[in-house]
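Please keep the structure in view while reading.

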Amino acid sequence: MRPDSRGYFGEFGGRFVPEVLVGALEELELAMNEAFADPAFWEEYEAILRDFVGRPSPLYAAQRYLAGISAAPLLLKREDLNHTGAHKINNTVGQGLLAQRMGKRRIIAETGAGQHGVATATVGAKLGMTVDVFMGASDVERQALNVYIMNLLGARVHPVTGGTQTLKDATNEAFRQWAAHVEDTFYVIGSVVGAHPYPYMVREFQKVIGVEARSQCLARYGRLPSDVIACVGGGSNAMGIFAGFVDDPGVRLWGVEAAGEGLEGAHTAASLGAGSVGVLHGSRSYLLQDADGQVSETHSISAGLDYPGVGPEHAYLKQTGRATYVAVTDAQALEAFFALAALEGIVPALESAHAIAFARELALERDSDDLIVVNLSGRGDKDIDQVRSAYPSRSAE
Ligand SMILES: *Cc1c(COP(=O)(O)O)cnc(C)c1O
């Protein structure tokens, strides 16, 4: 669905920003509407996705992961095979082209683990634009490899020292920078979050995942999936694949959040599962906050899911019941990470491992008539050091 004219999905979304950004968001919305109505814009986007990103990504039938557990076929949408290793590039290509069309010479981005920063820097290099990335100072240290890659790609990385020195603070700083330089600067947001029109725009750029998966399913199996599963951080890979199936009432949609150490304690990142309604980074949605409305510190084993908010369209899908949101702990995700590697020859991103873990639970209630599609949002190369230092001697039994 499209948000209403004020940018709301039901009661979620909107545009909660300081006055200086209202004009910039209106300018962006106008340019976006024009671009979306121009077939030449989509032709260029599709050509880059084909030749630079490597789309369409395969829909792969995993043979062994569910063996002995369920007869339900398991299909993996292989976003891990995209250039730069995840779905994020679909969105940065789209926003980069829009920035170019608007005549902006500089693009800025926030990044937590560095994945969105790398995807933005990649597109900046390709399109010949100046890129400034804002990153929490503590993340700059933890993610030194991605910082180096962004520099290789010609981007400048700016450590943000306020607050907890992580993604939430980097996002605040990117908004401040945008407000100060709206004339020549385009802000590339990395998920379906932020003020209107970002949640809608980013979903439209990620929708290619769901559109491809739907036609791949029909071509190969002659039927639609029974279930579509994706992990939810900000929610862009999930909205992207859900968008292909949301109008098919028989297809159940499952969003998997990071429970961290569990939904009950303070060490979680499950905004829909353990949060409440409030405003964060320009829109109304669910977020993890304390009784005074202070944004909570979050925890997840996977940096890409470690965010206190979630896109407003997910809040809407939860409220209407069209999608169901569940949560998977660090330990369950890690188990799925090892299992997919050993049984399928695919090392998933820790984020995607959350979706893989839930697929195994769901499969117990499904059989051969069903079809389970999991969005494998990214590859695990970036997580190897982290897992290896925790489990130095892990090997196949
Ligand atoms: C960033 C990231 C995510 C989380 O972001 P969403 O916007 O929720 O998709 C999930 N998986 C991978 C591989 C990522 O890099």
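A polar side-chain atom of asparagine 237 lies 2.8 Å from an oxygen atom of the ligand, a polar contact in the sense of a pair of N or O atoms within 3.5 Å. Of the ligand's own 380 Å² of accessible area, the protein covers 96%; such areas come from the Shrake-Rupley method with a 1.4 Å probe. The model is predicted: local features need pLDDT of at least 70, side-chain atom pairs count only at pLDDT 80 or more, and totals for chains, interfaces and linings use all residues. Residues are numbered from 1 along each chain as its sequence is written, and side-chain values use heavy atoms, with hydrogens and water left out.

Lysine 88 places a polar side-chain atom 2.6 Å from an oxygen atom of the ligand. Glycine 235 instead uses a backbone N or O atom, which lies 2.7 Å from a ligand oxygen atom. In total, 16 residues surround the ligand, and the closest are Lys88, Ser191, Gly235, Ser236 and Ser377; a residue is counted as near if one of its heavy atoms lies within 4 Å.

The protein is divided into domain 1 (16-49 + 88-202) and domain 2 (54-85 + 207-390), with bounds from an automatic or database domain assignment. The contact takes 25 residues from domain 1 and 27 residues from domain 2, where contact means heavy atoms within 4.5 Å. Taken over C-alpha atoms, the centres of domain 1 and domain 2 are 23 Å apart. Because both domains give residues to the shell around the ligand, the ligand lies between them.

Notes: Polar contact = N/O pair within 3.5 Å; in protein donor to acceptor, adjacent residues only side chain to side chain.
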